[in-house]
Amino acid sequence: MPVLTAVARTPEGFLENVGDWDKELALELAVESGIPTLTDRHWLVVDYMRTTFLAKGDGPTIRTLGKESGVAIKELYLLFPKGPAKLAAKIAGIPKPHGCI
Amino acid sequence: MTTPLSHGAPAAVADTPITKVSIIVSKGSLEGIYPALILANGARMEGIEANVFFTFFGMDAINKARHDHIKVATVGNPGLHLATWLGGFPGMSSLVTAQMSKSMEKLDIPPIPEFIEMIADSGAKLYACKASVEMFDLDRKDFIDQVDSIITVGDFYQMAGGGQIIFT
C-alpha cells in the first residue's frame, strides 16, 4: 500500500499538510509527476524549495530558484520539464507557489 | 509576505489544456514588453511550450543596444494618471521607469535583459520579425544571442500551429 494514498492532497495533487512529507513520499510524488528517479541534482532543488518554504512561508520564485538553489534555469527545466517551481514544490511537499514569476 | 485573497486551483480544469502559446510583442515600451515576458515565462513554468515573436518596436526587447534602456511611456498613457504636460517633462520617463523597476525588483521580477535570458533558458524560442528587421535596417548581429532566428509571418503561423496566439 503506497503511503501517498494515505495523505490529504489538493485537487492538483499538492500535499495539504507540509508535515506529512518524507523522502519516500517525495519519490512517489516524483514518479506520479513523470520523474522516475530523483538524482542528487533533483534533491538539491527539492531540499532548497522545502527549506525556503519552511523559513519564509512561501516557495521561491523561478528567478531565485535559478540563482540560489545551485541549479541554473536551463538545468531546472531539464530536471523538471513540466515546470520546475511547480513540480519541485509538489515533490517537496509544500503548497503550489503563489507568484506569477 | 502578503497573502492573496484566493489562489486555489481553478474551479474546473479545462478539458483541453493549453500546450503551446505563441506570443507577439509589438510595443517597445516597458509596459508594452513586460506582460508578454510574464506570459511567456509563466507558460514555461506550467510546462507549456512557448514561442515569442518580436515585431516593430517590440524588437527593442531583443536589441543588444536597446534592451537595457526600455522605458515607461509617460505621454499618452492615461493609466499613469499623470497630466500629459507633466509626462512630457525631461527625465519623467526615466523617473517613472526607475520607480516601477524598484517595485518589480521587490516582486523578484527581473530587468528585461535578465528576464529574456531566463525565458530563453527555460526553453522558449525567440524570433524577430523579418519585415520589421528589413524596415528598420537591422540584421542578426543587432540582436542578442538568445534569438533563434529572423522569420517571416508565414513561418510564424507555421510554428504557431496547434497552439494559441497572443498579441501584445
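Two residues are in contact if their C-beta atoms, placed from the backbone, lie within 7 Å. This briefing applies that rule to a predicted model, in which local features need pLDDT of at least 70 and side-chain atom pairs count only at pLDDT 80 or more, while totals for chains, interfaces and linings use all residues. Residues are numbered from 1 along each chain as its sequence is written, and chains are lettered from A and ligands numbered from 1 in the order in which they are written. Helices (H or I, at least four residues) and strands (E, at least two) are DSSP runs, numbered from the N terminus.

**Where chains A and B meet**

- Chain A gives 22 residues to the contact, and chain B gives 18 residues.
- On the side of chain A that touches chain B, the elements that give two or more residues are helix H3 (62-68), helix H4 (73-79) and helix H5 (84-91) of chain A.
- H3(A) supplies the largest share of that side, four residues.
- By residue type, that side of chain A has eight nonpolar, seven polar and seven charged residues. Here Ala, Val, Leu, Ile, Met, Phe, Trp, Tyr, Cys and Pro count as nonpolar, Asp, Glu, Lys and Arg as charged, and the others, Gly among them, as polar.

**Helix H5 of chain A**

- Eight of the eight residues of H5(A) are buried, and the helix is mostly covered. A residue is buried if 20 or more other C-beta atoms lie within 10 Å of its own, exposed if 12 or fewer, and partly exposed in between, with C-beta atoms placed from the backbone.
- The buried residues of H5(A) include Pro84(A), Leu87(A) and Ile91(A), and also the charged Lys86(A) and Lys90(A).
- These buried residues pack against helix H1 (23-32), helix H2 (40-56), H3 and H4 of chain A, together with H1 of chain B.

- Chain B has an open sheet of five strands in the order E4-E3-E2-E1-E5, with parallel pairing. Two strands pair if DSSP finds at least two bridges between them.
- Strand E4 (147-151) and strand E5 (164-167) of chain B are the edge strands, each pairing on one side only.
- From one strand to the next, the twist averages 25 degrees. Axes are lines fitted to C-alpha atoms, for helices over the stretch in contact, and angles run from 0 to 180 degrees between N-to-C directions.
- Helix H6 (residues 153-160) of chain B packs on the sheet and touches E1, E2, E3, E4 and E5 of chain B. The direction of H6(B) makes about 165 degrees with that of E2(B).

**Strand E2 of chain B and its partners**

- Strand E2 (residues 49-54) of chain B is largely enclosed by the rest of the structure, because five of its six residues are buried.
- Strand E1 (residues 20-25) of chain B pairs with E2(B) in the parallel sense over six bridges. Across this pair, Val25(B) stands opposite Phe54(B), and Ile24(B) stands opposite Phe53(B).
- The chain passes from E1(B) through helix H1 (residues 30-45) of chain B to E2(B) in a right-handed β-α-β crossover. Right-handed means that, with the strands pointing away from the viewer, the path from the first strand over the helix to the second runs clockwise.
- E2(B) also pairs with strand E3 (residues 125-129) of chain B, in the parallel sense over four bridges. Phe53(B) stands opposite Tyr127(B) in E3(B).

**Asn41 of chain B**

- Asn41(B) lies in helix H1 of chain B and counts as buried, with 26 C-beta neighbours inside 10 Å.
- Leaving aside neighbours within four places in sequence, Asn41(B) is in contact with Ile101(A), Met118(B), Ile119(B) and Ser122(B).
- The C-alpha atoms of Asn41(B) and Gly123(B) are 9.7 Å apart, although 82 residues separate them along the chain.

**Two positive phi values in loops of chain B**

- Asp108(B) is in the loop between H3 and helix H4 (112-121) of chain B. Its phi is near 65 degrees, a positive value in a residue other than glycine.
- Asp108(B) is partly exposed, with 14 other C-beta atoms within 10 Å.
- Asp137(B) is in the loop between helix H5 (130-135) and E4 of chain B. Asp137(B) is not a glycine, yet has a positive phi of about 55 degrees.
- Asp137(B) counts as exposed, with 7 C-beta neighbours inside 10 Å.
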